[in-house]
Amino acid sequence: MSSPQPEPQPGPAPSASSAPVPPAALHVPYTGGEKESLHASLDLHRDAVLWKLEGLDDEQVRRAMTPSGTNLLGLVKHLAAVEYGWFCSTFGRETEPFWFDPATEDMAASPDETTAGIVAFYTRARAAADAAIRETDLETTGTAWDGRVVSMRWALIHMLEDTVRHAGHMDILRELIDGGVGRFPGME
């Protein structure tokens with residue numbers, strides 16, 4: 001599928017205005033309900049994913065830091081695709097058309113994909129996923145891409161696991177690139 005991407009723009013990755021950085025007091029509710037707590041935890045890790053791009057230039061976010069080619073921008077693209085998959089496609093909700101094959105091209109950013117374009121894709125995926133989460137009960141089931149029937153509860157837990165796993169990868173990549181550590185500036 002083809003979808004226009006923004007023109008490549010040199011310079012640093014998204015600014016603080018495009019990647020939300022929560023204050024240190026933001027946390028999962030201590031006495032919140034199950035859905036509220038799972039969603040809040042997912043949001044914290046989503047925001048950490050975006051912070052890992054903060055202040056880096058295009059070469060740095062694309063730099064392959066492992067033999068498999070893992071890089072920061074590719075991980076964000078992957079997380080956007082799976083947010084759409086698990087929360088929207090699984091529960092019969094609309095998704096935007098992908099310009100890449102999510103089965104083979106979601107872990108790498110091609111030269112014509114910009115940092116701003118991938119971050120915007122992730123932002124749209126989060127918004128669509130958030131609507132699905134808000135409007136779907138935890139017990140509601142949907143059918144995943146592989147035919148499994150899963151509940152919204154399972155999808156939330158799975159997406160939290162996937163986001164946390166990749167945020168951990170991003171922690172290591174960011175530290176190798178410029179020494180940046182922690183979930184957010186000033187937070188370990």
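**Notes on the predicted model**

1. Asp43 and Arg46 both belong to helix H1 (residues 34-51), where they stand three residues apart, about one turn of the helix; helices here are DSSP runs of H or I with at least four residues, numbered from the N terminus. Their side chains meet in a salt bridge at 2.8 Å, N to O, the term being used for a side-chain nitrogen of Lys or Arg within 4 Å of a carboxyl oxygen of Asp or Glu.

2. On the basis of the values: this is a predicted model, in which local features need pLDDT of at least 70 and side-chain atom pairs count only at pLDDT 80 or more, while totals for chains, interfaces and linings use all residues. Residues are numbered from 1 along each chain as its sequence is written, and side-chain values use heavy atoms, with hydrogens and water left out.

3. Arg126 is itself buried, with a relative accessible area of 11%.

4. Arg46 has a further partner in Glu83, the two side chains forming a salt bridge at 2.6 Å, N to O. Because Glu83 lies in helix H3 and Arg46 in helix H1, the pair ties together parts that are 37 residues apart in sequence. Both Glu83 and Arg46 are buried.

5. These pairs belong to a network of salt bridges that links Asp43, Arg46, Asp47, Glu83, Arg126 and Asp130. The structure as a whole holds 15 salt bridges.

6. How do helices H3 and H5 pack? Helix H3 (residues 72-89) and helix H5 (residues 152-178) pack at an angle of about 175°, with their axes 10 Å apart; axes are lines fitted to C-alpha atoms over the stretch in contact, and angles run from 0 to 180 degrees between N-to-C directions. That makes H3 roughly antiparallel to H5, a label given to angles over 145 degrees. By class, their contact has 15 nonpolar, five polar and three charged residues.

7. The largest nonpolar core has 44 residues, of which Phe87 and Met152 touch the most other members; such a core is a set of buried Ala, Val, Leu, Ile, Met, Phe, Trp, Tyr and Cys residues joined through side-chain atoms within 4.5 Å. H1, H3, H4 and H5 are the elements that give two or more residues to this core, and H3 gives the most, with twelve.

8. Leaving aside neighbours within four places in sequence, Phe87 is in contact (heavy atoms within 4.5 Å) with residues including Arg46, Ala129 and Met152. Ala129, placed in helix H4, is buried with a relative accessible area of 0%. Not counting residues up to four places away in sequence, Ala129 touches Arg46, Glu83, Phe87 and Cys88.

Methods
Parallel < 35°, antiparallel > 145°, perpendicular 65-115°, else oblique. Nonpolar A, V, L, I, M, F, W, Y, C, P; charged D, E, K, R; others polar. Buried < 20%, exposed > 50% of the residue type's maximum accessible area, 1.4 Å probe, protein only.
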